[in-house]
Structures are given as structure tokens and as C-alpha cells.
Amino acid sequence: KQAAGLPARTVGVDSQHVTFSTQRPRLLLCAQTNYALDEAVERVASHGFFRRRSHGGGWEVPSIVRLGAPEALSHAIQRFSLDAKCAALARDPYSGGGGGGKDAMRLSLIRSADVVGCTLSGAGLRVLDEADLVFDAIVVDEASQATEPQLLVVLNRLAKGGTLVLVGDHKQLPPCCLSPRAAAAGTSRSALERFCALGVPVRLLSIQYRMHPHISAVPSLRFYGGVLRHGVSGQ
């Protein structure tokens, strides 16, 4: 993944070197906002995620289920929504209507998905409790905007020995904390920022694509030690 703008910092693992020795992993993809989550789901659907174990290589598109209210999802992501998949399964004459009713269909679809997408708060949905799932890996986008209590909701879904990947930039937007009392208690600081301060290894995505090089030189020197490279020309 390349940074689309100022660089992101990935904490926990270099995702290009994640390998699983047994079966395909079950992945939970999260973000603070529906917009960011839909963007991440679209990228996974467009470019694939799992490396094919063959001489040809390439990236394989996983089966994806997006949790959340349909009206909160972008139009491009509707086809991955749990409700849309349930409706399609119910219309399929060869599926037998999914068997066991709508609740059984929902649980079956979630359990069979390679990737489940939800917001941070959505990770606490009852349907995930009912599915009785834990995930081999969890990827959290916009991690710099996630408070530590929000991240704890997500961590409850991580399998023992699983992998957590935080993607974000603590030098940009912090968590939104409207309560001065809560901020004083530390909730205005993200787990990503805390990990970086503790020296947890990070991978800096150092290519920026949004700014003229003369403009990006300012944040590069001020925040990133002058290491930003440019994916755009000066013209």
C-alpha cells in the first residue's frame, strides 16, 4: 500500500510479509468512519488481498461481508453489505433460501467470509457475538483517530496469537474527544500515538501524491524528518 497524501504509519507488522502457514486467514477490516471503511473495502475488492500460492503469483480477491446499516454504506459497497447478500441468497432458487431463516443466513454469510468489514463501534455488534468468531488478523485504518477504548472493542475479536495492524498517522487528525474530563484522563490520545511513543516498530509509507513538492517540503521537514518522497511531479 502506498500513502495517498501524507504518509501513514503502520504499527505492529509489515503487512507485505504476513504469512499464514495453514488455511486462509479470517480478517476483520475496521475504520473509525463509514467513509474510510468503504474506501478500504473497495480497494481490497478491486486489488485483492491474499497472495496466490502458485507460480503465477498475483493477488486473490477474497469474499467480503460489510456490516452496518445499508443507508450508511456507499453505493459502490452495497453489493458487499450483509443485507444485500442475504437478499441475494434468498432469491437464489438453488440455495433453498439459505435454510433456517434470515438469522441463520446472516450467521452463515459472516462465518464463510474471508474478510468482514465494520466500523470500530460495529465490532461490538451482537451478530458477531452470535457468529462466535475470532479473527486471525485485524486491520484498523484511520487508527490515529481511534481512542483506546474503541480499539479495545476491536481487540476482543482477535484470536489468540493473532495479528493486529494499525494504519494511520498520529501526526495528523487525533481522536475526537469532546469531554475535557475524558481528555484529561487520556482518551484524546490514540493507541497508535502511544505505541509510537513506546518505540513499537513502524513502517512509514513515505510517498505522497497530493501536493506539489514545494508545498510538501514544509510538513516533510516539520513532521517527518525530511524523508517524504514525491509521487507527483512539480508541473
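Biologist: What's the relative accessible area of cysteine 177?
Modeller: Cysteine 177 has 24%, so it is partly exposed. Buried means under 20% relative accessible area, exposed over 50%, and partly exposed in between, with a 1.4 Å probe and protein chains only. This is a predicted model: local features need pLDDT of at least 70, side-chain atom pairs count only at pLDDT 80 or more, and totals for chains, interfaces and linings use all residues. Residues are numbered from 1 along each chain as its sequence is written, and side-chain values use heavy atoms, leaving out hydrogens and water.

Biologist: And cysteine 176, buried or exposed?
Modeller: Cysteine 176 is exposed, at 64%.

Biologist: How many disulfides are there in the whole structure?
Modeller: The search finds 0. A disulfide here is a pair of cysteine sulfur atoms within 2.5 Å. Cysteine 176 is in none.

Biologist: New topic. Where is strand E2?
Modeller: Strand E2 is residues 27-31. Strands (E, at least two residues) are DSSP runs, numbered from the N terminus. In E2, 5 of the 5 residues are buried, so the rest of the structure largely encloses it.

Biologist: Which residues point which way from E2?
Modeller: Leu27, Leu29 and Ala31 point one way. Leu28 and Cys30 point the other way.

Biologist: What's the bridge partner of alanine 31 in E6?
Modeller: Threonine 119.

Note on methods:
Helices (H or I, at least four residues) and strands (E, at least two) are DSSP runs, numbered from the N terminus. Two strands pair if DSSP finds at least two bridges between them.
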